[in-house]
Amino acid sequence: MIVTKNQIINNARKQGRITLTEIESKQVFEAIGVNTIETRLASSQKEAIALSAQIGFPVVLKIASPDITHKSDAGGVRVGLKSKTEVGKAYREIMASARQKYPTANIEGVSVQRLARPGIEIIMGMFKDSQFGPVLMFGLGGILVEVLKDVSFRIVPLARRDAREMIEEIKGYPLLQGFRGQEPADIPYLEDLLLKISGFVEQTPEIKEIDLNPIFAYKDGAVVVDARIVLEEDASQQG
Ligand code: ADP
Ligand code: MG
């Protein structure tokens, strides 16, 4: 079934939500041609096991709840599950942990995802500045971004030159070039991705915030592993 970004946004609004779930957010990005890791919703342990077998081991299981934004903090992320037994156990543990930490959360189940091949973890994001409007952010993901705040910013809309500069000006840029024989990142691909997000943000003013954290960058291409979209409170206001 092909869903459009508007259908996904309208559905969330109908349910009174402004935060799209990880699955919804990834569907939106898929719909605009951004490569995301295969991710499907399972609403029972049985379904999680069946979907894992379909996707192919190893898989990742994550808590799927519109009320839980930081999934790891809720004990809600398990990567590298190699068998039906491991998936079943992880399902029960994720559910127990989420219910304990968020007793009132509405839990849809878990998302079952293909395990992404390791790459360089980067992040891309968008927020709206009261003065400048939509601003894109680029940086290295994981611990590096949290500790070093190694990020760059540009105002939307971006020109290709802006995208290139954003990538080149972070301190960790040598990592993207393939530090000490490690796999480099596909810089032109990342530029295209920033430009695609810039265009999407321009065309979709009712989006208030985007968080792609992490994206795994490879020597050819990249894949979005976690995604979150927050809408403006009022659809007509449009930031
Ligand atoms: P959180 O809500 O805590 O940000 P994430 O979805 O970002 O949860 O998952 C936490 C971490 O688990 C990611 O930063 C990434 O390193 C790893 N991870 C998540 N999903 C996958 C996946 N499909 N394949 C490989 N690694 C993953
Ligand atoms: Mg994340």
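Reply: The space taken by ligand 1 is the largest pocket. This is a predicted model, in which local features need pLDDT of at least 70, side-chain atom pairs count only at pLDDT 80 or more, and totals for chains, interfaces and linings use all residues. Residues are numbered from 1 along each chain as written, chains are lettered from A and ligands numbered from 1 in written order, and side-chain values use heavy atoms, without hydrogens and water.

Me: Why is the space of ligand 1 called a pocket?

Reply: On a 1 Å grid over the protein atoms alone, a pocket is an open set of points with protein on both sides within 12 Å along at least five of seven lines. A molecule sits in one if more than half of its atoms lie within 2 Å of its grid points. Ligand 1 takes up the largest pocket. About 860 Å³ of space lies there, a volume being the space filled by probe spheres set on the points.

Me: Which residues come nearest to ligand 1?

Reply: Of the 19 around it, Lys62, Lys71, Ser72, Ala116 and Asp226 do. To be near, a residue needs a heavy atom within 4 Å. β8 (207–217) gives the largest share of this shell, three residues.

Me: How do you know that Lys62 makes a polar contact with ligand 1?

Reply: A polar contact is a pair of N or O atoms within 3.5 Å. An N or O atom in the Lys62 side chain is 2.7 Å from a ligand oxygen, so the pair qualifies. The Gln113 side chain has an N or O atom 3.2 Å from a ligand nitrogen. At Ala116, a backbone N or O atom lies 2.8 Å from a ligand nitrogen. The protein covers 81% of the 540 Å² of accessible area (Shrake-Rupley method, 1.4 Å probe) that ligand 1 has on its own.

Me: What is omega at the cis peptide bonds?

Reply: Between Phe57 and Pro58, omega is about -5°. Between Val156 and Pro157, omega is about 0°.

Me: What is phi of Lys149?

Reply: Near 50°, a positive value in a residue other than glycine. Lys149 is in the loop between α5 and β7.

How values were computed: Polar contact = N/O pair within 3.5 Å; in protein donor to acceptor, adjacent residues only side chain to side chain. 1 Å grid on protein atoms, 1.4 Å probe; cavity = no way out; pocket = protein on both sides within 12 Å on 5 of 7 lines; lining within 4 Å. Helix = DSSP H or I, 4+ residues; strand = E, 2+ residues; numbered from the N terminus.
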